[in-house]
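My notes follow in the order I took them.

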Amino acid sequence: MSSIIQLLPDHVANQIAAGEVVQRPASVVKELLENAVDAKATDIKLIIKDAGKSLVQVIDNGVGMTVTDARLCFARHATSKIRQAEDLFSLGTKGFRGEALASIAAIAHMEMKTKQEQDELGTHIVIEGSKFVSQEVAVLPKGTSFAVKNLFYNIPARRNFLKSDTVEFRHVMDEFQRVALAHPNIHFSFYHNGSEMYNLPAAGYRQRIVGIMSGKTNEKLVPVNEDTDIINIQGFVCKPEFAKKNRGEQFFFVNDRFIKSGYLHHAVMAAYEGLLKDGSQPSYFLYLQVPPNTIDINIHPTKTEIKFDDESALYAILRASIKHSLGQFNVAPVLDFDRDSNLDTPYHYKDVEVGIPTIQVDGTFNPFTDDKTNQHYTKAGSGSRSGSYSSSSSSSSYSGSGSGSSSSYSGYSKRVEPTASWESLYVGLDTENPETIESSPFTFENEEVTSSLFNDDEVEQATQKTYQIHKKYIVSPIKSGMIIVDQQRAHQRILYEQFLLNMTVNQAASQQLLFPLDLFYSASEMKQIEELKPSLETTGFVFDDSKTEHLVVSGIPVNITESEVSLVIEQLLSDLQDGIPANSYSQNDTIAKSMAKSLAVKTGSYLTEKEQDNLVNGLFACKDPNISPFQKPTFITMRVEDIDKKFAL
Ligand code: ADP
Ligand code: MG
């Protein structure tokens, strides 16, 4: 039988290797930028078209290549960066595998121009799918230019696998930012479809970080500096009050290489202990230098993990130095998250004059009549905290109580009528159990059990329909037992439906701001906001389009406050990590969900009786009151039988 094993032809091997090195346009960007850095360029220009799908070009002013090297660089395992295995332990370059160019050339149309300083003429090579198409001598400036066109043109399956331009662009942006942040001493510029995204002159770390992030970043940064035998740490962390909702601005660089490390991230978070609001994320830009022989860099080309010899020592040093910086810049004492919101005066009390308490006795009240007007009056009256009631309505309401004339209640703040579905939960409550607390508080006095169990304050409160427990749930008795409403989820549902209705059916009202808000975002974030503007405008936002480098908000939806604007937009950006939905329906849905998430009352907020009532009524007026917009239950019911069972145990 004849032998069957064959060596794969180079172009097939390269295509297979390309699968590992090149996942998307951003991978090409990374490889080409890193090659330019390794070539000691001081000026690097990145040009892309269609998020890199049709063109990725990197032009550098580095050392260039000889004719021979220009040809050889496309061969597999062709590298000038290491010669023997030991070199791996003293690595000073980004690349060393000699795979990137061979892989990229296997799956794209590629053009290279390169010239070394001392040479008169340079080399111009065209290669497509690993095949050399042409090689010419050309007049060129010093340095190298690689243009990669039509990525995956010969692997349709991979090309179809690429995400939308928005998503691919963000990946490119990420790679560009990582390389540009790692090398502030290099001038970087970046163009997408002809427009300039960045132009970053050579600078120090701080200036580079500010250049990449946004104008407002500078005041948020606190420097970190530490020099020990095993590590040198430089860089910046952000003041805790500027912590964000998402983890977008967290960067570690080890020996000028961007890396991800859950372990080191943990060290940073430990340094912020007690300074951050729940779940918020500090931005950080930390540059670590360690002896090359103490790390294992021999990692997968597309991965960004790294292994350190002495991780736990690095952890301790990093944590201590950040803690020290945060302390030194006195950022800790301004924070006080533990303030009890119960101590806050409910807002509607603040503007009300303090009056002399008056006691009201309804002389005409007869507990043995089943006049609904009486009951309604009692409930509304005892529940009302309206300051005007006692002074203005004493005479008219009493005389009117028997007749049930509606005009006699003009002194009340208007009671919101419960909606049908909510009301139905109460149906029968009053009539079937006339002695219950809710329906007739006046029968209390004769009931020894209750009066001995509760002090007067609690009896007074017993006229409430709702109770808040643990600043988290609202409990309310219903005919069959009780319901427990999750305040945050319920409010999310209400807001979500409101926003969605405004966006799809109504023209949402907008409040004009006296002084437009200037908000600063990174270029990639601005691009996302730009795409969402039409949908955001349907919620009531008004933007001033004359500025493109930052966001100018001149009008906001009526149901949000000025101070909530940046919160809403940050939450939205963080919810768009997976890209902007393609159609306007799901864009609206995402925005409505995101705004509901950022604006809903949170667990831990104290709600007044009126607010509790509005929340429960609002929930049951919703189309879909049972679940939050995030598919979590908004309330549960507990039947009396269930409670009985528990007591029977
Ligand atoms: P690696 O970077 O791992 O060595 P690459 O395939 O990325 O492998 O590049 C192969 C070789 O081509 C490099 O080692 C380098 O000698 C040369 N090269 C690539 N890009 C450039 C550039 N922009 N300027 C000068 N030489 C380059
Ligand atoms: Mg390389």
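I started with Ser-535, which counts as buried because its relative accessibility is 5%. Buried means under 20% relative accessible area, exposed over 50%, and partly exposed in between (1.4 Å probe, protein chains only). Ser-535 sits in helix α19, residues 523–538. Helices (H or I, at least four residues) and strands (E, at least two) are DSSP runs, numbered from the N terminus.

I then looked up its partners. Beyond four places in sequence, Ser-535 touches Met-503, Gln-587, Asn-588 and Ile-591, where contact means heavy atoms within 4.5 Å.

A note on conventions. This is a predicted model, in which local features need pLDDT of at least 70 and side-chain atom pairs count only at pLDDT 80 or more, while totals for chains, interfaces and linings use all residues. Residues are numbered from 1 along each chain as its sequence is written, chains are lettered from A and ligands numbered from 1 in the order in which they are written, and side-chain values use heavy atoms, without hydrogens and water.

Next, the nonpolar cores: sets of buried Ala, Val, Leu, Ile, Met, Phe, Trp, Tyr and Cys residues joined through side-chain atoms within 4.5 Å. The largest has 62 residues, and Leu-46, Phe-74, Phe-176 and Phe-188 touch the most other members. Helix α6 (residues 165–182) gives the largest share, 8 residues. Another core, of 32 residues, lies apart from it and includes Leu-500 and Leu-599.

Which strands pair with β18? Strand β17 (residues 473–478) does, antiparallel over 6 bridges, and strand β22 (residues 635–639) does, antiparallel over 5 bridges. Pairing takes at least two DSSP bridges between the strands. The β17–β18 hairpin has 2 residues between its strands. Pro-477 stands opposite Met-482, and Gly-481 has Arg-639 as its bridge partner in β22. In β18 (residues 481–486), 5 of the 6 residues are buried.

Last, confidence. Mean pLDDT (the predictor's confidence in each residue, from 0 to 100) is 78, and 77% of residues reach 70 or more. It stays under 50 over residues 369–421 and is below 50 over residues 426–462. Where pLDDT is low, the predicted coordinates should not be read in detail.
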